[in-house]
Amino acid sequence: MIREAIQLSKPVIGDDEKQAVLSVLDSGIVAQGPKVRELENAFAQYCGTEHAVALNSGTAAIHTALHAAEIGPGDSVITAPFTFIATANPILMQGGNIKFADIEPDTFNIDAQLLEGAYDPSVKAILPVDLYGQPCDYDAISNFAEQYELTVIEDACQSVGAEYKGRKTGSLGRIACFSLYATKNIMSAEGGVITTDSEEVAKDARSFRQHGMDMDGKYDYIQLGYNYRTTDILAAVALAQLAKTDRFNEARAANACRLAAGIRRIPGLVVPIVKPDRLSAFHQFTIRITEDFSVSREEFISRMSAKGITTAIYYPRPLHLYPHMARLGYNKGDFPIAEQAAKEVVSLPVHPTLTDSEIEYMIETIKDIAYA
Ligand SMILES: Cc1ncc(COP(=O)(O)O)c(C=O)c1O
């Protein structure tokens with residue numbers, strides 16, 4: 001039997017997304033308009049926050065959040081070194097400084113026990129990342145933040161619909177940032193959203209995304225801003241997707257559970273865990289291929305690819321080892337848990353349209369590689 005390749009991610013686009021786009025095109029209002037506002041209202045309601053502001057990427061969302069938190073030259077932000085580069089770049093874009101704290105080996109998220117070691121009086125905010133869709137330990141992070149009066153900004157770009165102690169991501173810090181990039185659990189090709197309970201933050205975000213415009217009605221510019229607006233066309237897609245978030249995430253979790261059950265006993269392969277007080281959005285299902293596995297990680301990836309299964313390494317290099325981060329003064333060996341993770345991780349497909357037979361095929365293929 002010839003199988004179609006199994007993709008790592010695949011946007012699920014139905015008739016409702018297509019119809020929604022057509023009706024926006026017919027309406028004549030295609031840039032930022034009523035659909036963007038509708039998306040903001042629906043997103044805030046979904047996350048349980050007072051406000052949401054839609055932007056044109058997750059990166060723009062993080063930049064906007066940092067601006068609203070008044071991060072500027074001389075200020076530092078604590079974040080994890082094991083994440084997508086877009087978590088950290090906006091801190092530098094604001095002229096800020098980055099203090100990294102290493103991650104927990106089991107969840108891959110920032111280790112709240114290490115925040116104290118990363119702190120100095122220049123630190124004004126913490127930017128924890130809900131990596132692969134699992135929320136960080138927000139109680140521990142918030143306790144630390146309270147002690148030093150720091151702003152918590154969630155990088156929830158991978159964790160839409162996830163929960164920490166029954167509370168949805170988006171509502172766990174002062175500001176949260178989401179991405180609607182094409183490979184995310186819900187998407188609009190490109191896009192981003194911030195959520196917050198603070199009216200002040202929401203107002204600043206609306207100004208920042210519009211070149212720093214005065215949002216009190218005067219056609220005036222009161223601060224530096226950018227063009228971070230999104231469009232009604234993309235908002236219409238995102239609205240249709242938002243309505244399916246829980247269904248998509250349940251399918252991801254079920255796929256993850258099946259896959260984990262099939263491969264968890266393989267020597268040298270570590271399956272991901274979800275802490276009992278959390279619900280993961282399973283944006284990625286990321287295993288570790290350790291030294292005790294039958295072949296190297298690179299060989300594993302190439303054999304999976306030869307069998308038509310796409311995998312990826314998120315992330316091959318911890319952020320402190322990128323050239324443009326060199327001025328922060330970190331060196332190889334400074335964050336050993338992140339560095340080890342970068343050597344071992346591989347993400348496997350769990351997207352919602354995978355079939356049972358595709359999951360069985362992945363399990364059998366992985367076993368074949370492990371026991372050959
Ligand atoms: C953890 C994390 N932060 C930030 C981003 C940036 O989002 P975007 O690609 O929409 O700019 C992404 C997604 O790409 C991400 O996964």
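**A chat about the ligand shell, domains and buried elements**

Student: Which residues are closest to the ligand, and how many surround it?

Tutor: In this predicted model, 14 residues surround the ligand, and the closest are Ser 57, Gly 58, Thr 59, Cys 157 and Ser 179.

Student: Which elements give two or more residues to that shell?

Tutor: Those are α3 (58-68) and α4 (85-93).

Student: And what is the shell like by class?

Tutor: The shell around the ligand has five nonpolar, eight polar and one charged residues.

Student: OK, zooming out. How many helices and strands does the protein have?

Tutor: There are 12 helices and 13 strands. The radius of gyration is 21 Å, close to the 21 Å that the globule rule gives for 372 residues, so the protein is as compact as a globular protein of that length.

Student: What does the C-alpha trace span along its principal axes?

Tutor: About 70 × 55 × 35 Å. As for burial, 49% of the 372 residues count as buried. Among contacts with a separation of 6 or more, 69% are between residues 24 or more positions apart.

Student: What domains does the assignment give?

Tutor: The domain assignment gives domain 1 (15-242) and domain 2 (245-371). The contact takes 30 residues from domain 1 and 30 residues from domain 2.

Student: Which elements supply the side of domain 1 that touches domain 2?

Tutor: α4, β3 (97-100) and β6 (163-164) each supply at least two residues of that side. By class, the side of domain 1 that touches domain 2 has 17 nonpolar, eight polar and five charged residues. The centres of the two domains, taken over C-alpha atoms, are separated by 25 Å.

Student: You mentioned β1. Which way do its residues point?

Tutor: His 51, Val 53 and Leu 55 point one way from β1, while Ala 52 and Ala 54 point the other way. In a regular strand the side chains alternate between the two faces of the sheet. Five of the five residues of β1 are buried, so β1 is largely enclosed by the rest of the structure.

Student: What does β1 pair with?

Tutor: β1 pairs with strand β9 (residues 192-196) in the antiparallel sense, over five bridges. Val 53 stands opposite Ile 194 in β9.

Student: There's a sheet with β10 too. What's the strand order?

Tutor: The order is β10-β12-β13, in an open sheet of three strands with antiparallel pairing. The edge strands are β10 (269-270) and β13 (345-348), and each pairs on one side only. β12 (residues 285-289) and β13 pair over four bridges, and Arg 288 stands opposite Val 345 in β13.

Student: Last one: Asn 331. Where is Asn 331 found, and is Asn 331 buried or exposed?

Tutor: Asn 331 lies in the loop between α10 (297-306) and α11 (336-344). With 9 other C-beta atoms within 10 Å, Asn 331 is exposed, because the cut-off for exposed is 12 or fewer.

Student: How far apart are the C-alpha atoms of Asn 331 and Glu 4?

Tutor: They are separated by 43 Å, and the two residues are 327 residues apart along the chain.

Conventions: Residues are numbered from 1 along each chain as its sequence is written. This is a predicted model: local features need pLDDT of at least 70, side-chain atom pairs count only at pLDDT 80 or more; totals for chains, interfaces and linings use all residues. A residue is buried if 20 or more other C-beta atoms lie within 10 Å of its own, exposed if 12 or fewer, and partly exposed in between; C-beta atoms are placed from the backbone. The radius of gyration is taken over C-alpha atoms; the globule rule is 2.2 Å times the number of residues to the power 0.38. Two residues are in contact if their C-beta atoms, placed from the backbone, lie within 7 Å. Two strands pair if DSSP finds at least two bridges between them. A residue is near a molecule or strand if its C-beta atom, placed from the backbone, lies within 6 Å of it. Ala, Val, Leu, Ile, Met, Phe, Trp, Tyr, Cys and Pro count as nonpolar, Asp, Glu, Lys and Arg as charged, and the others, Gly among them, as polar. Domain bounds come from an automatic or database domain assignment.
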